[in-house]
Amino acid sequence: MTDIETITVPSRLRGYPGVAFGGYVAGVLAGRAAAKTVRVDFRRPTPVEVPVALAETADGGAVLTGADGVLAVAVPDELDLEALEPPSWAEASAAAEAYRAAPPTGAVDCFGCGLDRAPDTGLRLHCGAVPGRDLVAAAWTAGPALADADGMLPAELVWGALDCPGSAAGRLRGTMREGAVTASLTARLLQPVPVSSRLVSYAWVRSSEGRKHRVGVALATARGDLCAVASALWVDPR
């Protein structure tokens, strides 16, 4: 391993209460990995407001460690995924409105999909089912407060935009149960994302077996240009 860096995830970047938003954690780890496509495996929940150790590894990846052991590991990987055609901005907007009108049970104040978040305090990935297609989608625009110094959406938040949609796909288009968590997320970022962009996050179920659900996720512009793609494994609670 290389030198160890200490980081603390702020409370506003939570997924479940007291737990860091998984997409953000994955993005932080991926940012330390020496590869364009990275797989992040989650071993334990990463706490918010608690210092944890981040280090690069000899295989070109990175590891996040807390008081109880390894929290998450990133490794260079390949992504065997053909993204579905993105829905239109109008379709994604209608799907998001339908989600907000009748959200699923168990909704939490998540940075990625929390219903009470504003554009400057969360991603608002309110993915609803798209009629006539086996996918879910949300139309959204990040607020200026989420921009980096160049006016772009930071890479770790682009990773975040590839997390919550997988849960929505599993629950609305599959058999995923309430309380499922991301076990792994493999992603490739394709182009920078200006914060002012109109964006569409969408996801679909690839396979389900018992408690395990594999989903495809993508982020596109309102014109349909892909910005990022991912494959995720979600696991139901026991």
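Mentor: Let us begin with burial: a residue is called buried when its relative accessible area is under 20%, exposed when that area is over 50%, and partly exposed in between, using a 1.4 Å probe and protein chains only. Please keep in mind that this is a predicted model, in which local features need pLDDT of at least 70 and side-chain atom pairs count only at pLDDT 80 or more, while totals for chains, interfaces and linings use all residues. Residues are numbered from 1 along each chain as its sequence is written, and side-chain values use heavy atoms, with hydrogens and water left out.

Trainee: Okay, and how much of the protein chain counts as buried?

Mentor: Of its 238 residues, 48% count as buried.

Trainee: What about helices and strands, how many are there?

Mentor: The protein chain has four helices and 11 strands, where helices (H or I, at least four residues) and strands (E, at least two) are DSSP runs numbered from the N terminus.

Trainee: How does the radius of gyration fit with a compact globule?

Mentor: The radius of gyration is taken over C-alpha atoms, and the globule rule is 2.2 Å times the number of residues to the power 0.38. For 238 residues a compact globule would come out near 18 Å, and the protein chain, at 16 Å, agrees with that. Along the principal axes, the C-alpha atoms fill a box of roughly 50 × 45 × 35 Å.

Trainee: Switching to charges, how many salt bridges are there?

Mentor: The count comes to eight salt bridges, each being a side-chain nitrogen of Lys or Arg within 4 Å of a carboxyl oxygen of Asp or Glu. As background, side chains of opposite charge can pair when their charged atoms come close.

Trainee: Which residue does Arg223 pair with?

Mentor: Arg223 meets Asp225 in a salt bridge, at 3.1 Å from N to O. Arg223 is exposed, because its relative accessibility is 74%, whereas Asp225 is partly exposed at 32%.

Trainee: And where do the two residues of the Arg177 and Asp236 pair lie?

Mentor: The closest N and O atoms of Arg177 and Asp236 are 3.9 Å apart in this salt bridge. Arg177 lies in the loop between α4 and β8 (181-189) and Asp236 in the segment after β11 (226-235), so the pair ties together parts that are 59 residues apart in sequence. Asp236 is buried, with a relative accessible area of 4%, while Arg177 is partly exposed at 40%.

Trainee: Is Arg117 buried or exposed?

Mentor: Arg117 is buried, since its relative accessible area is 7%. It forms a salt bridge with Asp109, with the closest N and O atoms 3.0 Å apart, and Asp109 itself is partly exposed at 32% relative accessibility. Arg14, Asp109 and Arg117 are also linked in a network of salt bridges.

Trainee: I clicked on Ser167 too, so which residues is it in contact with beyond its neighbours within four places in sequence?

Mentor: With those neighbours left aside, Ser167 is in contact with Met176 and Trp234, where contact means heavy atoms within 4.5 Å. Ser167 lies in helix α4 (residues 164-172) and is buried, its relative accessible area being 19%.

Trainee: Last one: what is phi of Arg124?

Mentor: Phi of Arg124 is near 60 degrees, a positive value in a residue other than glycine. Most residues other than glycine have a negative phi. Arg124 lies in the loop between α2 (89-101) and β6 (128-129), and it is partly exposed, with a relative accessible area of 23%.
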